[in-house]
Amino acid sequence: MTPAPQEIGTGKSLVPYAVLTVVAMALDQWIKYLVETGLPFQEKIDLLPFLALFRTYNTGIAFSMLSSFGDTGLIVISLVVSAFIVYLAFRSAPGQIFARLGFALILGGAMGNVIDRAVYGHVVDYILFHTPGWSFAVFNLADVFISVGAALVVLEEFIGWRREAKAPKN
């Protein structure tokens, strides 16, 4: 008897990841609401010598790139990329847990930023890493979710590559 082919991501097997996506999106939006209602605009509030809260707005994507596309263009780009992420998630195998977690976080972060663009016309950013002579771009929790999610997908690919390299050759 031949073994059944490995199950590709059925809807039921992706339910926990869909829940993670919704939780990430909701957490991002809740924190942004708190930032918008309680943090002064463009006033640095130091939390640690290298970390501050600093509410500002981003009209582009990462590092304000593509701001010339406008809100509608960036929403469309984000939705197309998000649809591709959903496609990849459905194509992933149930055992690819890091990839599935990554796709869920990427999607939750992307949708959090899409909501900002649709509602405000910009993304609300508020986390600032800095030193006395240098500062990193201001970002938000959605950006963290996207970055961590991408790292998890890369990790899954690396693990798969290592497994293939160690597998006995016939």
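**Burial, pairing and crossing in a predicted model**

Student: What makes strand β3 largely enclosed by the rest of the structure?
Tutor: In this predicted model, 7 of the 9 residues of strand β3, residues 123-131, are buried, so the strand is largely enclosed by the rest of the structure.

Student: What surrounds D125?
Tutor: Leaving aside neighbours within four places in sequence, D125 is in contact with F54, R55, T56, N58, V138, F139, N140 and D143. The cut-off for such a contact is heavy atoms within 4.5 Å.

Student: How do you know that β2 and β3 pair, and in which sense?
Tutor: Two strands pair if at least two bridges are found between them. Strand β2, residues 51-58, and β3 have 6 bridges, so they count as paired, and the sense is antiparallel. One of the bridges sets A52 against its partner L128 in β3.

Student: Why do β3 and β4 also count as paired?
Tutor: β3 and strand β4, residues 134-135, have 2 bridges in the antiparallel sense; the requirement is at least two, so the pair qualifies. T131 stands opposite W134 in β4, and a hairpin of 2 residues joins β3 to β4.

Student: Is T56 buried or exposed, and what does T56 touch?
Tutor: T56 lies in strand β2. Its relative accessibility is 12%, which is set against the limit of under 20%, so T56 counts as buried. Not counting residues up to four places away in sequence, T56 touches F41, Q42, V123, V124, D125 and V138.

Student: Why is Q42 called partly exposed?
Tutor: Partly exposed is the class between buried, under 20%, and exposed, over 50%. Q42 has a relative accessible area of 42%, and therefore belongs to that class. Q42 lies in the loop between α1 and β1, and has a positive phi of about 50° although it is not a glycine.

Student: What does UniProt list as "active site", and how do you know that these residues cluster in space?
Tutor: The unreviewed UniProt entry lists D125 and D143. They are spread over 19 residues of sequence, yet the largest C-alpha distance is 9.0 Å.

Student: What makes D143 partly exposed?
Tutor: D143, in helix α4, has a relative accessible area of 23%. Buried would require under 20% and exposed over 50%, so D143 counts as partly exposed. D143 touches N113 and D125, not counting residues up to four places away in sequence.

Student: What class does L79 receive, and where does L79 lie?
Tutor: L79 lies in helix α2, residues 70-91. At 40% relative accessibility, against limits of 20% and 50%, L79 counts as partly exposed. L79 touches M111 and V114, not counting residues up to four places away in sequence. The C-alpha atoms of L79 and M111 are separated by 8.1 Å, although these residues are 32 apart along the chain.

Student: How do helices α1 and α3 meet?
Tutor: The axes of α1, residues 15-38, and α3, residues 97-120, come within 8 Å and cross at roughly 40°. The residues of this contact divide into 12 nonpolar, 5 polar and 5 charged. The crossing is right-handed.

Note on methods
Residues numbered from 1 in each chain as written. Predicted model: local features only at pLDDT ≥ 70, side-chain atom pairs only at ≥ 80, totals over all residues. Heavy atoms only, no water. Axes fitted to C-alpha atoms, helices over the stretch in contact; angles between N-to-C directions. Helix = DSSP H or I, 4+ residues; strand = E, 2+ residues; numbered from the N terminus. Left-handed = near helix turned anticlockwise from the far one by under 90°. Nonpolar A, V, L, I, M, F, W, Y, C, P; charged D, E, K, R; others polar. Buried < 20%, exposed > 50% of the residue type's maximum accessible area, 1.4 Å probe, protein only. UniProt positions renumbered as here; feature names shortened; annotations may be inferred.
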